[in-house]
Amino acid sequence: MSILPSSDRRRSPWLILAIVSLPVFIGALDLTIISAVLPEVIVSLKLPVKDYLDQASWAVNGYLLAYAISMTFTGRLSDLIGRRSVYIGCLILFMIGSYLVTAYDSTFLNSTIARFYNSVLGMRPPRLEERHLYLVIAARIVQALGAGAMVPITIALVGDLFPRGERARPLGVVGAVDTVGWVLGHLYGGVMVRLFGLHGDSLVDAFGSLGISVAQPSWETLFILNIPIGILGLAGAWWALSHVEGPRATGRFDFLGTLLVSFSLIALNLGLGASPDAVMGAGNINELGEASSGRGVYFLVAALAFFLLFLWTETRVRDPLVHLNLFQRRNFASASGTNLLVGFCLAIGLVSAPLLVNIRADSPTSDDIQQAALIAGLLLSGLTIPMALAAIPGSVLSDRKGYRFPTVLGMALSAIGFALAGLTWKADTSYWLMGAEMVLVGIGLGLTISPIGTAVINDAHEDERGVASALILILRLIGMTLAISSLTTYSLERVDQLVRNQSTATSGDTGEVIEASVDAQFYAAVQAIQELQFVGAAVSVLGLLAAAFLQGGQVKPLLAPASPPGEKRRIMARGDPGD
């Protein structure tokens, strides 16, 4: 039930949700905002792009990893000490990180790093330009620790603010806001920096005519803008959440469990080396392998060991980070499994469409590269924007038909879209056709966002909503990470196999090994990408089967017979037990 006090009923839950969703959107935007301008960041730090691009990519990868790690424990923290306190604290942390990104040339910070290397490590400190880069990466991690935490808290707030029968639509809105944020981040960053480059002097002159002196805008301006927006969000959240206090969990915070699951996620990321942003920009299959190359099996073994230790710990501590009996509940287990597979399917779409576009752009000219980037961006928009928009009708279907129908329908549409792509994606397939198939996949995946989130939140007890909200997001990210790494390995091996078969067929009976032509490698890569679409279709079918176990969730409006004359009061009844 809603926990707004009766004296404050005029403060609409939807208004509160809108206020707290603004910082969530900005945090999601910053997930990909720097990727479009990363080479410019390196150049502005006076470092050679070719030598430092891999290190600088941690400004993106580190953000994603910290974003995920912060979700693992802040949901539980908000269960223990309250949503408002944790949310505001995380928003302040995000603002501090945004400022620190622009303070990389701080004399104090750079001298502190130098003293740390000299006194603690006994090593010669990196040169000044390298220290600037490391400070940018560290500041991005601080940003992400705040930004990632706000998402599960906002999802948990939906459970606090809205009655059980009215949660599907607000959860669909939160899912759409988060998705649209990271979808638009790359575009927003590129457009804004381009705007600064073309009209920066005009902006400085315009402010100067008002008597305001401002510096020439650049990529740092993107992060400075987070601060006034964050202040507005902070004031709004302070007001909106002042009378919102959800149910508090009892017990202590599980520090050991938090450390173990964090180490497991870090080792998994290092072992798989899966970077969605780098992989999406790969120009061919070989670059795809380089972009997602991991650090070896040792990190994966460490990830598994930490995860098993985490499970063992959670069964023995009095107040675990995650009550594992959550997964004994039918809806929770079914929705969680489906969500993992949704992340897997999403990664296939995010990687395969840009990869095919980039492989086609065989010319090294700047114009062709820019044209390929534009087409790839449009195709990705065809996947992700419909996905975000479909979260809203998914919530309506969840209310009317229950959790199962929109989730099964969504996974079926995703399977059809991937199957059509597998049948039609050739070397000369129209981009319009590719885009239409990506739209179908995006709509399918988007329909699942609300019913999955609602099933998880409604199946969790009041004092477990923060943890449950975090699991929704973490499982999807893990699904994406596993997909990128495993499918990259598959693609590399499959292309090698196809090229070898082509060479063997060409050599005939002579036994002479003939080097594969560029055309053979091209068509082998296209065929491998086609096969990835069939993998997506198969995984979507698995998600459909997992979603088939969902039950309940349907909201049935009934007129109350005891209502006074002239008053139409509606009682919400649903097919699963209430709070």
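What follows is a working chat about a predicted model.

User: Before we start, what are the ground rules for this model?
Analyst: This is a predicted model, in which local features need pLDDT of at least 70 and side-chain atom pairs count only at pLDDT 80 or more, while totals for chains, interfaces and linings use all residues. Residues are numbered from 1 along each chain as its sequence is written, and side-chain values use heavy atoms, with hydrogens and water left out.

User: How many helices and strands are there?
Analyst: The protein has 21 helices and two strands. Both are DSSP runs numbered from the N terminus: helices are H or I with at least four residues, strands are E with at least two.

User: And how much of it is buried?
Analyst: Of the 579 residues, 53% are buried. Buried means under 20% relative accessible area, exposed means over 50%, and partly exposed is in between, using a 1.4 Å probe and protein chains only.

User: What about the surface as a whole?
Analyst: The accessible surface is about 25800 Å², and carbon and sulfur atoms account for 65% of that. The areas come from the Shrake-Rupley method with a 1.4 Å probe; for residues, only the protein chains shown count as cover.

User: Which nonpolar residues form a patch there?
Analyst: Leu203, Phe207, Leu210, Ile212 and Val214 form one, with about 420 Å² of accessible area together. Patches take residues with over 30% relative accessible area and no salt bridge, joining like charges within 9 Å and nonpolar side chains (Val, Leu, Ile, Met, Phe, Trp, Tyr) within 5 Å.

User: Where is Val214?
Analyst: Val214 is in the loop between α8 (168–209) and α9 (219–224). Val214 counts as partly exposed because its relative accessibility is 33%.

User: Switching to salt bridges. How many are there?
Analyst: The whole structure has five. A salt bridge here is a side-chain nitrogen of Lys or Arg within 4 Å of a carboxyl oxygen of Asp or Glu.

User: What does Arg83 pair with?
Analyst: Arg83 pairs with Asp79, and their closest N and O atoms are 2.7 Å apart. Both residues are buried. Asp79 and Arg83 also belong to a network of salt bridges with Asp160.

User: Which helices hold Asp399 and Arg169?
Analyst: First, the two form a salt bridge, with 3.6 Å between the closest N and O atoms. This pair links distant parts of the chain: Asp399 is in helix α16 (residues 366–401) and Arg169 in helix α8, 230 residues apart.

User: Are those two ends buried or exposed?
Analyst: Asp399 counts as buried because its relative accessibility is 12%. Arg169, at 39%, counts as partly exposed.

User: How do Arg127 and Glu129 meet?
Analyst: Their side chains meet in a salt bridge, 3.2 Å from N to O. Arg127 is partly exposed at 39% relative accessible area, and Glu129 is also partly exposed, at 23%.

User: What is the phi of Lys46?
Analyst: Phi of Lys46 is near 65°, a positive value in a residue other than glycine. Most residues other than glycine have a negative phi. Lys46 lies in the loop between α2 (38–44) and α3 (49–56), and counts as exposed because its relative accessibility is 67%.
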